[in-house]
Amino acid sequence: TATKETHAFQTEVKQLLDLMIHSLYSNKEIFLRELISNASDAADKLRFEATTDDALFEGDSDLNVFIDIDKENRTITIRDNGIGMSRDEVIANIGTIARSGTKEFFGQLSGDQEKDAHLIGQFGVGFYSSFLVADKVTLTTRRAGLEHEHGVRWESAGDGEYDLDTVEKAERGTEIILHLREEASEYLDDWKLKSIIHKYADHIPFPIRMMGTPAAAEEGEEVKPAEIETVNQASALWTRPKSELTDEDYNNFYKHIGHDFEDPLARLHQKLEGKYEYSLLLYLPKRAPFDLWQLEAKHGVKLYVRRVFIMEANEDLLPRYLRFVRGVMDTNDLPLNVSREILQKSPAMEAMKKGATKRVLSMLEDMAKNAGTADESDEINTDYADFWSEFGNCIKEGIIEDAANRDKISSLLRFATTQSDEQSVSLSEYVSRMQEGQDTIYYITAESLAAAKHSPHLEVFRKKGIEVVLLHDRIDEWLTSHLTEFDGKKLQSISKGELDLSNIGENAAEEKKEQEEKAKAAGPAVEKIKEALGDKVKDVRTTDRLTESPACLVSDQFDMSSNMERILKQAGQ
Ligand code: ADP
Ligand code: MG
């Protein structure tokens, strides 16, 4: 019983389509990358489901993508024999944006083509990019395992509506026919398509096939019919030796797996052999993904077992604070056909997580070490500074979240101080500049850099030439409650508790004596002020903190800082 229906796109889809066609105008060729990437995801899913249900292969386990050009009808067809979709799945996946964060996404669009293209890529508009080159798209699909008569046809001109029909489809999988727009005729050329496939899909571990170009016939010879050829390399990139791979190979793979238009900032490719054997190919993006600060932010590492895709990894594979890392982990030491729950609790997973975390932190340490040095072409290396400005606050989360690696992580921290407005000073750099007799790292937390810099608490530190760390990110309050020591030096807030700076500096002894005399003289005045303020304060003290301001408020050492009070108030607590 065929049922033809017309559905309306979700409002957001319509908006996204309009926007995409405008902002990706000069980047049309990505439609092919996106459709191939979907076909490859569909093959991954089938292979994974088939590990527990071999019947899903329906006797055909040669997973591949076939691309066909029809010049006369001006169509390109992209056909896969992956998992396919049921009618419900088509409705849920095509014509809807199920992802959370859609609103934030629209909020972030700037109108700047390059920036928006980057965001759109991250958001994964995937399938809709078909409309960059097509004015009509026909998708026919059948889910593996369903009867032939449960095929589905989806068709749309990208104008806000789509038709849905139930059809007969003998082969499982998905076929997409793009009816090309006039201005997209260049894609009817097979050389053009092949070059795009090389650019974006060489590393896809499934063959992408096309009809070969027929060889020119010699005089008198018969024209040989064209043969099917595999266009891409079709081997999992991370399994190939480093020596065979170029920067371009690595970067293209990153763009595929990271949904990014830009090259990555850094990468890590390692094969680890010990108790457990696994490969890592991990990347740091140049820019933070749009959902980095959302609670349900996507993790970007994929888990493979013997080259079979198992799952998008989450906290089980890398800690939450490293959620910006993109890439692949592949192991031989996990069984293919067990539940995710069992996988997640396996010692092999745990070992991989530990190893990968360590290696990412080491990569960051190396980047930090090389920061500011010049390479052969005299270009100053700013990778770590760039990294810090995008992901520094994640690293601070690491201090809180990952006690086992706290020492390593604390050496990655960079702060603004009274000597640098930029967040560029490491704690060891601070320590190397400490004054004679100073055994404490001093910091102040405030709402903004300006507020921190102009705090009256800093007066005496300026006078004595003691550097103070200026903390002004929201997370810093939590950071300092977990990071209480570095390199044997205590961290202390200068707006909390008693401050004893009397042993610091060249004239320490004289200053101390002077201060004691002053305190004695002020005794009666302090008593009067205490009486006058009554319950409003805990205590009134003389201080050597101030040089210009007459008085300041100080929290008790173990009380909340005033900045923390402010944050909690804002949060409604
Ligand atoms: P994304 O790939 O980021 O999820 P897309 O717009 O590219 O976004 O695809 C949306 C969804 O449609 C996919 O997640 C998948 O469920 C489904 N889909 C798209 N193409 C295919 C395909 N060739 N085979 C099976 N499912 C597909
Ligand atoms: Mg996709």
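Colleague: Which residues of β3 are on its covered face, and which on the uncovered one?
Modeller: Before I answer, note that this is a predicted model. The covered face of β3 has Ile 76, Ile 78 and Asp 80. The uncovered face has Thr 75, Thr 77 and Arg 79.

Colleague: Why do the numbers skip like that?
Modeller: Because side chains in a regular strand alternate between the two faces of the sheet.

Colleague: OK. Which strands does β3 pair with?
Modeller: β2 and β7 are both partners. β3 pairs with β2 in the antiparallel sense, over six bridges. With β7, β3 also runs antiparallel, joined by six bridges.

Colleague: Give me a residue pair for each.
Modeller: Ile 69 has Ile 76 in β3 as its bridge partner. Thr 77 is partnered with Ile 177 in β7.

Colleague: What sits between β2 and β3 in their hairpin?
Modeller: Four residues lie between the strands. In that hairpin, Arg 74 takes a positive phi near 55 degrees.

Colleague: Zoom out. How many strands are in that sheet, and in what order?
Modeller: Nine strands, in an open sheet. The order is β1-β6-β5-β4-β7-β3-β2-β8-β9, and the pairing is mixed. At the edges are β1 (5-8) and β9 (228-230), each pairing on one side only. From one strand to the next, the twist averages 20 degrees.

Colleague: And how do β4 and β7 pair?
Modeller: Antiparallel, over eight bridges. β4 covers residues 134-142 and β7 covers residues 173-180. Arg 142 stands opposite Gly 173 in β7.

Colleague: Which strands does α2 touch on this sheet?
Modeller: α2 packs on the sheet and touches β2 (65-70), β3 (75-80), β7 and β8 (208-211). The direction of α2 makes about 20 degrees with that of β3.

Colleague: What about α6, which strands does that one lie across?
Modeller: α6 lies across β2 and β8. Its direction is at about 170 degrees to β8.

Colleague: At what angle do α2 and α6 pack?
Modeller: About 60 degrees, with the axes 10 Å apart. Helix α2 is residues 30-50, and helix α6 is residues 190-201. That angle makes α2 oblique to α6. The crossing is right-handed.

Colleague: Which residues meet there?
Modeller: From α2, Leu 32, Arg 33 and Ile 36. From α6, Leu 193, Ile 196, Ile 197, Tyr 200 and Ala 201. By class, this contact has seven nonpolar residues, no polar ones and one charged.

Colleague: New topic. Where is Phe 324?
Modeller: In the loop between β13 (308-312) and β14 (326-331).

Colleague: Buried or exposed?
Modeller: Phe 324 counts as buried, because it has 23 C-beta neighbours inside 10 Å. The cut-off for buried is 20 or more.

Colleague: What does Phe 324 contact, leaving aside neighbours within four places in sequence?
Modeller: Pro 285, Ala 288, Pro 289, Leu 292, Phe 391 and Cys 394.

Colleague: And how many Å separate Phe 324 from Ile 76?
Modeller: Their C-alpha atoms are 36 Å apart. Along the chain, the two residues are 248 residues apart.

Colleague: β13 and β14 came up. What sheet are those in?
Modeller: An open sheet of five strands, ordered β10-β11-β14-β12-β13, with mixed pairing. β10 (266-273) and β13 are the edge strands, each pairing on one side only. Here the twist averages 15 degrees from one strand to the next.

Colleague: How many bridges join β12 to β13?
Modeller: Four, and the two strands run antiparallel. Tyr 304 has Phe 309 in β13 as its bridge partner.

Colleague: Which strands does α9 touch on this sheet?
Modeller: Helix α9 (residues 347-370) packs on the sheet, touching β10, β11 and β14. Its direction makes about 140 degrees with that of β10. Helix α7 (residues 247-258) lies across β10, β11 (277-284), β12 and β14. α7 runs at about 95 degrees to β14.

Colleague: Last thing. What is the phi of Glu 58?
Modeller: Positive, about 50 degrees, although Glu 58 is not a glycine. Most residues other than glycine have a negative phi. Glu 58 lies in the loop between α2 and β2. With 15 C-beta neighbours inside 10 Å, it counts as partly exposed.

Colleague: And Asp 487, where is that?
Modeller: In the loop between β19 (485-486) and β20 (489-493). Asp 487 has a positive phi of about 55 degrees, and is not a glycine either. Asp 487 counts as exposed because it has 12 C-beta neighbours inside 10 Å.

Note on methods. Residues numbered from 1 in each chain as written. Chains lettered and ligands numbered in written order. Predicted model: local features only at pLDDT ≥ 70, side-chain atom pairs only at ≥ 80, totals over all residues. Axes fitted to C-alpha atoms, helices over the stretch in contact; angles between N-to-C directions. Parallel < 35°, antiparallel > 145°, perpendicular 65-115°, else oblique. Left-handed = near helix turned anticlockwise from the far one by under 90°. Contact = placed C-beta atoms within 7 Å. Nonpolar A, V, L, I, M, F, W, Y, C, P; charged D, E, K, R; others polar. Pairing = 2+ DSSP bridges.
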